[in-house]
There are 2 protein chains.
Amino acid sequence: MKRSLGPRALLYPTPVVVVGSYDAAGRPNAMTAAWAGIACSQPPCLSVSIRRARHSYGSILERRAFTVNLASQDLVREVDYFGLASGATEDKFTVAGLTPVRAGTVDAPGIAEFPIVIECRLLHATDLGVHTQFVGEVLEVQADEAVLGPGGLPDVTLLRPLLYSPGQSAYYGIGPRVAQAFSVGKRIGEVGSPAESAHQ
Amino acid sequence: MKRSLGPRALLYPTPVVVVGSYDAAGRPNAMTAAWAGIACSQPPCLSVSIRRARHSYGSILERRAFTVNLASQDLVREVDYFGLASGATEDKFTVAGLTPVRAGTVDAPGIAEFPIVIECRLLHATDLGVHTQFVGEVLEVQADEAVLGPGGLPDVTLLRPLLYSPGQSAYYGIGPRVAQAFSVGKRIGEVGSPAESAHQ
């Protein structure tokens, strides 16, 4: 039996990212966001939505650049802190004891201690309401060797990323592997080989 | 030690959604997507990226509407099938044994057996490359009572949603709760009460 929840911004789960930027004074700043996702495979693009009041908002527009930093569960206190404090009044990197590192391809800082740093060039900024959605083209991904699987790409069981449950305002971890994609569904209706990499 | 992975569309984890639409002939169709996210809190908006070659692409543009259906882990075979087959050649609802239900607020079908159905009106379609990003305003969320927590909103431990790991092409479940958001980070730097609902 379904119940109406009305119009609400819900989706389960969302990722948890920390967005790095330089402000007008050149100070490195970072803020946490959970309204983010992959927007395009080629060119690779990510989107992240940010409120206008955030200190990072102007920084990203001015420098046309940002980084998307992905944490492991061990960094949950730092991730949450980056969402609570404002770079307008605090040097969040210093308070959190983390290290800003200038990205190689864009004018924005990554976070050295985070296992994955994604460098983005701003492509679009769309004002949707209380949030502006920034779409950035990924120019480079840097990843700790410790989180890479045998194929050379990140393995979520090694990365142990945080995820977010809207409404519950809680962070969760990754659970067990459920199934291989582009595979488990073939048992239904005798579908042949996938015509394209449909999810991607 | 970090290693360069080059420019890649990576983010961990992504949600897994099934997008419902009516095609030009009025037939209900649905396809799986993992490039999706929350785009704005107010008005509530979701974004989902779809390749131009997909049958759903034209349907969404024509009807200016779509649904975002969230599965539990038990529906993983159906979710994967909706990503493998094409509505141009198959009646996917019939093959999967699932029931399309016309949404109350938009011209698109939801999936009755899925625990959460989100009804969206198309706001923006941005061509980014191989994917076009659709941003929709959420006009209504319908949820099974069985997945609602005490506060009346979905609880991920009851919903047991699927998540996707890009590069690994695998579905995973939700793991244990790690921490409360807007709380665990207060221990760093003695931050006071949050000035705003920063992640949302």
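This is a predicted model: local features need pLDDT of at least 70, side-chain atom pairs count only at pLDDT 80 or more; totals for chains, interfaces and linings use all residues.
Over all chains, a search of the whole structure finds 16 salt bridges, and four salt bridges are found across the interface of chain B and chain A.

**Interface between chain A and chain B**

- The contact draws on 115 residues from chain A and 114 residues from chain B.
- Between the two chains, 53 residue pairs are in polar contact, counting pairs with both residues at pLDDT 80 or more.
- On the side of chain B that touches chain A, strand β13 (residues 170-180) of chain B gives the most, with 11 residues.
- That side of chain B comprises 65 nonpolar, 32 polar and 17 charged residues.

**Pairing and salt bridges across the chains**

- Strand β1 (residues 2-6) of chain A pairs with strand β11 (residues 131-144) of chain B in the antiparallel sense, over four bridges.
- Within this pairing, B:D144 in β11(B) is the bridge partner of A:K2.
- The side chains of A:K2 and B:D144 also meet in a salt bridge, at 3.1 Å from N to O.
- A further salt bridge joins the side chains of A:E145 and B:R3, at 3.7 Å from N to O.
- This pair crosses between chains: A:E145 lies in the loop between β11 and α4 (156-159) of chain A, and B:R3 lies in strand β1 (residues 2-6) of chain B.
- A:E145 is partly exposed, with a relative accessible area of 39%, and B:R3 counts as partly exposed at 39% relative accessibility.

**Strand pairing within chain A**

- Strand β10 (residues 116-127) of chain A pairs in the antiparallel sense with strand β7 (residues 65-70) of chain A, over six bridges.
- In the pairing of these strands, A:E119 in β10(A) stands opposite A:T67.
- β10(A) also pairs in the antiparallel sense with strand β11 (residues 131-144) of chain A, over 11 bridges.
- A:H124 stands opposite A:V135 in β11(A).
- β10(A) and β11(A) form a hairpin with three residues between them, and A:G129 in the turn has a positive phi of about 155 degrees.

**Salt bridges within chain A**

- The side chains of A:D107 and A:R63 meet in a salt bridge at 3.2 Å, N to O.
- A:D107 lies in the loop between β8 (100-102) and β9 (109-111) of chain A and A:R63 lies in helix α1 of chain A, so the pair ties together parts that are 44 residues apart in sequence.
- A:D107 is partly exposed, with a relative accessible area of 28%, and A:R63 counts as partly exposed at 23% relative accessibility.
- Salt bridges that share partners join A:R63, A:R102 and A:D107 into one network.
- The side chains of A:D23 and A:R27 meet in a salt bridge at 3.0 Å, N to O.
- A:D23 counts as buried because its relative accessibility is 3%, whereas A:R27, at 47% relative accessibility, counts as partly exposed.

- A:S56 is placed in helix α1 (residues 55-63) of chain A.
- A:S56 counts as buried because its relative accessibility is 2%, and the cut-off for buried is under 20%.
- Leaving aside residues up to four places away in sequence, A:S56 touches A:S21, A:N29 and A:M31.

Terms used. Residues are numbered from 1 along each chain as its sequence is written. Chains are lettered from A and ligands numbered from 1 in the order in which they are written. Side-chain values use heavy atoms; hydrogens and water are left out. Two strands pair if DSSP finds at least two bridges between them. Helices (H or I, at least four residues) and strands (E, at least two) are DSSP runs, numbered from the N terminus. Contact means heavy atoms within 4.5 Å. A polar contact is a pair of N or O atoms within 3.5 Å; within protein, one must be able to donate a hydrogen and the other to accept it, and residues adjacent in sequence count only if both atoms are side-chain atoms. Ala, Val, Leu, Ile, Met, Phe, Trp, Tyr, Cys and Pro count as nonpolar, Asp, Glu, Lys and Arg as charged, and the others, Gly among them, as polar. Buried means under 20% relative accessible area, exposed over 50%, partly exposed in between (1.4 Å probe, protein chains only).
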